[in-house]
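Hello,

Here is the structure you were waiting for. My notes on domains and contacts follow below.

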Amino acid sequence: MLLPKFEFHEPETLKEAAAILSGIGEPTSILAGGTDLLVNMKKGKASPRHLVSLGRVRELKKTARDGESLRIGACVTVAELREEREIKDDFDGLFRGAGLLGSPLIRNLATVGGNIVTARPAADLPPPLIAYGATIELVKDNGERILSLEDFIKGPGETSIEPGEILSGIILREPPLYSGGGYVKLGMRKALEISLVNVATFFALDGPSGPIQKARVVLGSVGPTPIRSLRAEEILTGERPDEALFEKAGEAAANDAKPIDDFRASAEYRSEMVKLLTRKALKQAYEEAKLREWRRWK
Amino acid sequence: MRVYTTIGQSVTKVDGREKVTGRTVYAGDEVFPDLLYVKVARSDRPHAEILEIDLSSAKNIPGVVGVWTAHDLPGANATGTRIKDESVLCSKRVRRVGDPVVLIAAKSLRAANSAKESVSIGYRDLPAVFDPEEALRPEAPRIHESGNLLFEKKMIKGDVEAALSKCAYVITNTYRTQRIEHSYLEPEAGTAYMDGKKLTVKLPTKHAHFEQDELAKILGLDRKDIRVICAPIGGYFGDKQGLSPGYYAAIVTRLTGFPAQMVYERRESFEVSTKRHPYIIQMTTGADKEGHLEAVKVDILVDTGAYASYGPSIIGRGVVHAVGPYRVKNIHVKGRLVYTNNPVCGSMRGFGVPQVAIACESQMDLLAEAVGKDPFEIRRINCLQAGEENASGQTLKASVGLTECLGEVERIQESLPPHPREIDPQYLTGWGLAIIYYGIGLTGLPNPGVAQMSVEPGEKVQLCVGVGDGGQGAFTTLLQIASENLGLSQGDFNLLSADTLTTPNSGTSTASRITYVVGRAVTEACHHLAGQVGKKVAANWGVMDLVFEDGHYHCGVRKISFREAVDTLVNEKLLAEGIFDPPTTPTDKETGLGSPYATYAFAAHAAQVSVDRETGQVNVLRIIASHDVGKMIHPVHVYGQVQGGAMMGLGYGLLENVIVKKGRILNPGFRAYLIPSSMEVPEFHISVVECPEPTGPYGAKGVGEPSLLPTAPAIHNAVARATGQYLFDNPVAMEDVWRALS
């Protein structure tokens, strides 16, 4: 299969990239890792006249921490994300999600920003990012805006990105003292697998053993976009974390999911798996919260 | 024990270096300056009448050289490996999604693709049938003139009903299996060009000489004006014979005179290539109170899709193997092959046997449970021994290593430490066992292997065989057999393979027959060649009683090597041919009894699985595989076949499924059609049993297909042991296991 013909642009700065994008005026796509875009172009599902590669824009490949928040450049690859100390230590849900995305080959190319803007319902990074309350930066020629990731994804393959805009970075607030996150994915095989269901969780505790002050539960692959389970979050908030509570939260999450029947699994099975995966991901979050606290005292 | 110089040694793979360094030129890699790119516009309907075909806009696309329909074909518009029921291009009617209608050639791939998209075909939809049971009803739409029941095959011995009425245990179940895709790395491809007056076609194929005959009819040429060269094969797993890109490229070359090339895209390959047949199997197993099999009754209904392809041969083999490697006096097996408007099924590794093995081995475990015997014991008391009669009434004279295979699997299983998951409360675990046998060579048909050799002074020995190498190591193995016979090594030979101009017809690369049949033909050719050279030596020495041993001619103390002897010939070229046709008898038309194969390979696999109590997810933790291959010619290749085959069996048992809805494939690509990844590879324990086959080269039989057969049934039995629930559908789907548990 051949790629259709296109003009190729290779800016070296974000500013230059934004300027090129605003000047083209013809169908244009932004190329980051290419693991989604190039496949779709080969299949004829996308045929942009111009490709603006972000491969040389070095400022998009950096991760920076400023005490209050962690900023991940949009072109940091999924494999690089797994190597970041901060991610390993303080964002376990995201760390797990990055490890379960595709295969090593895909993780070496695919970028964090790409996994967001493609807005696949089964994508591995948006649920944990939303669970950690991520915001994103969108840059264009004459300005920039910041919005929450949760509001950004609108439907399968649909986001609120505007023509000329580039997703430049993802900002995660430093998780509070007593907090943790989790991510559980269910697929039929161990790698290169599109989730049947995935669940990301995060909660912050008042003190070492609770109660839960704030909780986020995000369900993937059971709706057109990642879904916040507000019912599960409500059940968790103000309660002390334990198995019974997690179980109740799982039941509630299943009520918020909108799974479909397809040839891979029935809606009924997916719904049951939402219960199970929510419980497991909450348990992971609690384990991480305990681990982070222990690490601080060490 | 006899000591060999190369047999039993894992010598360097003769085509290995070329492949790992990327220098191998596959059919789709051929380059010509004036090459035409070929595409085929296909039906998007499962069953329809063609009303009109509009080619005007396709013809006007710059770079398009030709756009043709059935009316423009140069020869016969009927093809097929067993029955000529398939059109090269459909003219009046399409019978499945993907049926070929319009042929396109262009100077660029881009132009060919645009032309393909701008072809407009007007259809009138016809009632279609997608279910084999419905297809048999009288009111069902007829897919071919001959009716929807394409073929029926029976095997009858003794009196099943009478025997069943006396059995202490009678177990009946219905099993369903799915379609699967071969998933070879190299999609189908072909390049054609004129070489002087000869139309030459390079394509990966199981049988170059078959393609030559078929192309002669389709191209309207004499077969001597066509040369078919088997290009390096990037995997075939039983497929790659018959109508394929090489045929379309050849038609374009015939029509235009220009070189032409076609490569299927992966999606096209998924939609158009044949699949493994889905079976509906009803099996009744009857045994006495000790668990000795008394009677087995099997009814097999097979959906072959819109065309016959290899279907009749596959059901023939399926029926012969339906009872498994057991001693049973009363048998009634019926197999029916039915046309539907579904994707076409055809030849795939295992050739109709993987399906029945699942039913047969599940039944054996159910019987074991009912009788209260363990899975090893129930098989041990029923499985075939040398000197006994199999289901088709053939006495197996020698090389029956099944009891040894069972013993090896049991010994290894007992020696393994517990798996960590056995004590993890999240999982249920269990071991499952399955055994199989598999006839080597075509079912009850003559299938001679032919090898030709020639030598002349100072030159390499030339070995010509009409088969290709599908990656399994056929070339290396055949050269080992030749080397051992003549006391030479790999580098002393020049191998010519699967080329209708330069090699003999050695039959098709199917039925696990290359090592056994063609290998034995190589041995025969070597004997003839050594004899001819020996005559010259004897004449030179003026002696009568010359002995050829260990690559040397001996007479008393005089000794000369084969190579030296050849080099003393003056301006002389010696030729020799070896033929081996395994002794078989056709099966009886009424009873299906006979001696369909000269020899059988045997195997036992045990699989240990874990089942997630909450999700139903099954993971295979360990596979123990023991195979009686007669004699290992190349151990690394045998182990490679066993591991690769078992992984294919694992995919069959757990993951792979071509989902078809109203004749359309819903998952025509590797994104949604899941084959095992490297992460699914379990811990392997392999033990090879060498129970020599007297008619095989150095005692060898075959291993290509036997390697995959016991894996899926072993997984079924393991899941049943772990969960206490038998699942009668293949693959064992995660959700079905979850349902069984909850």
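Into which domains is chain B divided? There are domain 1 (27–126 + 188–263), domain 2 (279–443 + 587–741) and domain 3 (448–580), with bounds from an automatic or database domain assignment.

This is a predicted model, in which local features need pLDDT of at least 70, side-chain atom pairs count only at pLDDT 80 or more, and totals for chains, interfaces and linings use all residues. Residues are numbered from 1 along each chain as its sequence is written, and chains are lettered from A and ligands numbered from 1 in the order in which they are written.

In chain B, the C-alpha centres of domain 1 and domain 3 are 38 Å apart. Their contact takes 16 residues from domain 1 of chain B and 14 residues from domain 3 of chain B; two residues are in contact if their C-beta atoms, placed from the backbone, lie within 7 Å.

Between the chains, 16 residues of chain B are in contact with 14 residues of chain A. On the chain B side, α3 (109–118) and α18 (734–741) each supply at least two residues, and α18(B) gives the largest share, 3 residues. Helices here are DSSP runs (H or I, at least four residues), numbered from the N terminus.

Chain A has domain 1 (60–173) and domain 2 (179–289).

Regards
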